[in-house]
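Visitor: I have a structure open here and would like to go through it with you. Could you take my questions as they come?

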Amino acid sequence: MKAVILAAGKGTRMRELTNELPKPMLKVEGRPILEHILLGIRDAGIGEVCIVTGFRGEVVEGHFGDGRKWGVQIGYGRQEIQDGTGKAAEPAKAFVGASPFLLTYGDILVKPETYRQMVERFQQGAFAGVITVTKGEDVTKGGIDLFDQDFCLKRLVEGWLRPNDPIWYNAGIYVFTPVLFAFTERLQKSPRNEYELTDAISAMVDAGYKLAGLPIQGRWVDVRDPEVLS
């Protein structure tokens, strides 16, 4: 298995903190966010990583180089146009080749063992991917994942659920086989004028591909605002 880390965005909500640095290079507990992610992926036994860069990509590439210092092999892809999550992984398509790959946004922090748990879940069946989720209570927050009795994805929905239904939010870390790219290639822009990864995932489910769910255990932090760094 390989890994792809999406680190192309500027992170405008971080205000002046990202004037010179891409958001994944901001430090948490003395390390760049991206370094925490990389070490967790490495410790899961994944040795080949592609980092997709964009805004100030040279900062990321200069810091991590070929990855030798961290015991991994790092390659890079460049996302020239920021047009949504659905196209963000495509610069890594050649790197992925025929391999399954772990896909994560470069601003999400989880416990390091989460990545190993994802690999193990993927290996438990004939899955086209793994969708990690976090449990919530506020059904107005956005996209919600619905699962069957085997905790495999049935569909993604927006809005309200019936009372007492479990609520699972997409956690932004995945495992996919390369079949994902067949669905991202034909995405149409959403009403907000972006290509959405969730649309590709929904199309995979509609086409009969089986996607396993995995609840995140313990820490899950989406580094969206400066307050999260403190």
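Visitor: With which side chain does the side chain of D107 make a polar contact?

Guide: The side chain of D107 makes a polar contact with the side chain of K23, at 2.8 Å; a polar contact here is a pair of N or O atoms within 3.5 Å, where within protein one must be able to donate a hydrogen and the other to accept it, and where residues adjacent in sequence count only if both atoms are side-chain atoms. Please bear in mind that this is a predicted model, in which local features need pLDDT of at least 70 and side-chain atom pairs count only at pLDDT 80 or more, while totals for chains, interfaces and linings use all residues. Residues are numbered from 1 along each chain as its sequence is written, and side-chain values use heavy atoms, with hydrogens and water left out.

Visitor: Where is D107 found, then?

Guide: D107 is in the loop between β6 (101-105) and β7 (108-110), strands being DSSP runs of E with at least two residues and helices runs of H or I with at least four, numbered from the N terminus.

Visitor: Is D107 buried or exposed?

Guide: D107 is buried, as its relative accessible area is 16%; buried means under 20%, exposed over 50% and partly exposed in between, with a 1.4 Å probe and protein chains only. Leaving aside neighbours within four places in sequence, D107 is in contact (heavy atoms within 4.5 Å) with K23, I33, I37, V221, D222 and V223.

Visitor: Switching to helix α4, which residues are buried there?

Guide: In α4, which spans residues 113-122, the buried residues are T114, Y115, M118, V119, R121 and F122. They lie on the same side of α4, because they cover an arc of only 165 degrees around the axis, the arc being that of the directions from the helix axis to the C-beta atoms.

Visitor: And what covers the buried residues of α4?

Guide: The cover includes helix α1 (33-43) together with β6, β7, β8 (129-135), β11 (168-176) and β12 (211-215).

Visitor: How many salt bridges does the count come to?

Guide: The count comes to 12 salt bridges, where a salt bridge is a side-chain nitrogen of Lys or Arg within 4 Å of a carboxyl oxygen of Asp or Glu. Among them is the pair E35 and R31, whose closest N and O atoms are 2.7 Å apart; E35 is buried at 8% relative accessibility, whereas R31 is partly exposed at 35%. Another is D66 with R68, at 2.8 Å between the closest N and O atoms, in which D66 is partly exposed at 38% and R68 is exposed at 66%.

Visitor: Which residues are linked in a network of salt bridges?

Guide: R192, E194 and E196 are linked in such a network, and within it the side chains of E194 and R192 meet at 3.8 Å, N to O. E194 counts as partly exposed, at 29% relative accessibility, while R192 counts as exposed, at 57%.

Visitor: How many disulfides are there?

Guide: The count comes to zero disulfides, a disulfide being a pair of cysteine sulfur atoms within 2.5 Å. As for cysteines, C50 is buried at 2% relative accessibility, and C152 is buried at 3%.

Visitor: Last topic, the whole chain: how many helices and strands are there?

Guide: The protein chain has six helices and 13 strands, and of its 230 residues 52% count as buried.
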